[in-house]
Amino acid sequence: LNTEKPVNERLLNICELLETHIPYYNWVGFYFRNGKKEELILGPYVGAPTDHTVIPFGKGICGQVAVSNQNFVVPDVTAQDNYIACSITVKAEIVVPIFVNGENIGQIDIDSNTPDPFTEKDERFLEYVCAQVATILN
Ligand code: SME
């Protein structure tokens with residue numbers, strides 16, 4: 001990726017690459033902590049537009065990852081009580097936190113229209129992607 005490009009353009013390129021090349025990645029986006037506030041703000045994404053541009057810590061899968069600092073793999077979104085639906089086509093979700101200097105500063109969020117598609121390979125791969133993103137943001 002071109003290091004001259006603005007950060008948001010590079011993050012959007014990452015979303016586009018993932019959505020294009022992995023058939024069961026159907027919505028790919030970033031959420032970032034809003035300064036010192038306990039809320040997430042939607043960053044670059046590809047896929048259906050979402051109303052959820054601000055997510056309080058603790059709310060939905062994304063808000064829970066902001067608090068837990070751990071990957072959250074959801075094989076079946078209908079089985080989750082604390083879930084924010086963005087589109088009725090979504091069957092599964094994976095959220096992986098991004099750490100900069102040990103601090104959880106945001107996350108990558110991926111929705112799938114395929115039921116139960118995510119494996120540990122996705123987790124390891126997305127951890128790697130998040131580590132790369134951290135170097136862009138640092
Ligand atoms: N489903 C997420 C909300 C973000 S949308 O998937 C884009 C959640 O429950 O946190």
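Predicted model: local features only at pLDDT ≥ 70, side-chain atom pairs only at ≥ 80, totals over all residues.
Let me begin at the ligand, where a polar side-chain atom of aspartate 109 lies 3.4 Å from an oxygen atom of the ligand, a polar contact here being a pair of N or O atoms within 3.5 Å, where within protein one must be able to donate a hydrogen and the other to accept it, and residues adjacent in sequence count only if both atoms are side-chain atoms. Residues are numbered from 1 along each chain as its sequence is written, and side-chain values use heavy atoms, with hydrogens and water left out.

A polar side-chain atom of glutamate 93 lies 2.8 Å from a nitrogen atom of the ligand, and a polar backbone atom of isoleucine 84 is 2.8 Å from a nitrogen atom of the ligand. The residues around the ligand, meaning those with a heavy atom within 4 Å of it, include Trp27, Tyr31, Glu93 and Asp109.

Now to the sheet. Six strands form an open sheet in the order 3-2-1-6-5-4, with antiparallel pairing; strands are DSSP runs of E with at least two residues, helices are runs of H or I with at least four, and both are numbered from the N terminus, while two strands pair if DSSP finds at least two bridges between them. At the edges are strand 3 (54-56) and strand 4 (72-74), each of which pairs on one side only. Strand 1 (residues 27-33) and strand 2 (residues 39-46) run antiparallel and are joined by five bridges, and glycine 29 has tyrosine 45 in strand 2 as its bridge partner.

What about tyrosine 45 and the ring of tryptophan 27? Their ring centres are 5.4 Å apart and their planes at 20 degrees, so the pair is stacked; rings of Phe, Tyr and Trp (its six-membered ring) pair if their centres lie within 6.5 Å, and planes under 30 degrees apart count as stacked, over 60 as edge-to-face and the rest as tilted. This pair links tryptophan 27 in strand 1 with tyrosine 45 in strand 2, 18 residues apart. Tryptophan 27 is buried, with a relative accessible area of 7%, whereas tyrosine 45 is partly exposed at 26%, where buried means under 20%, exposed over 50% and partly exposed in between (1.4 Å probe, protein chains only).
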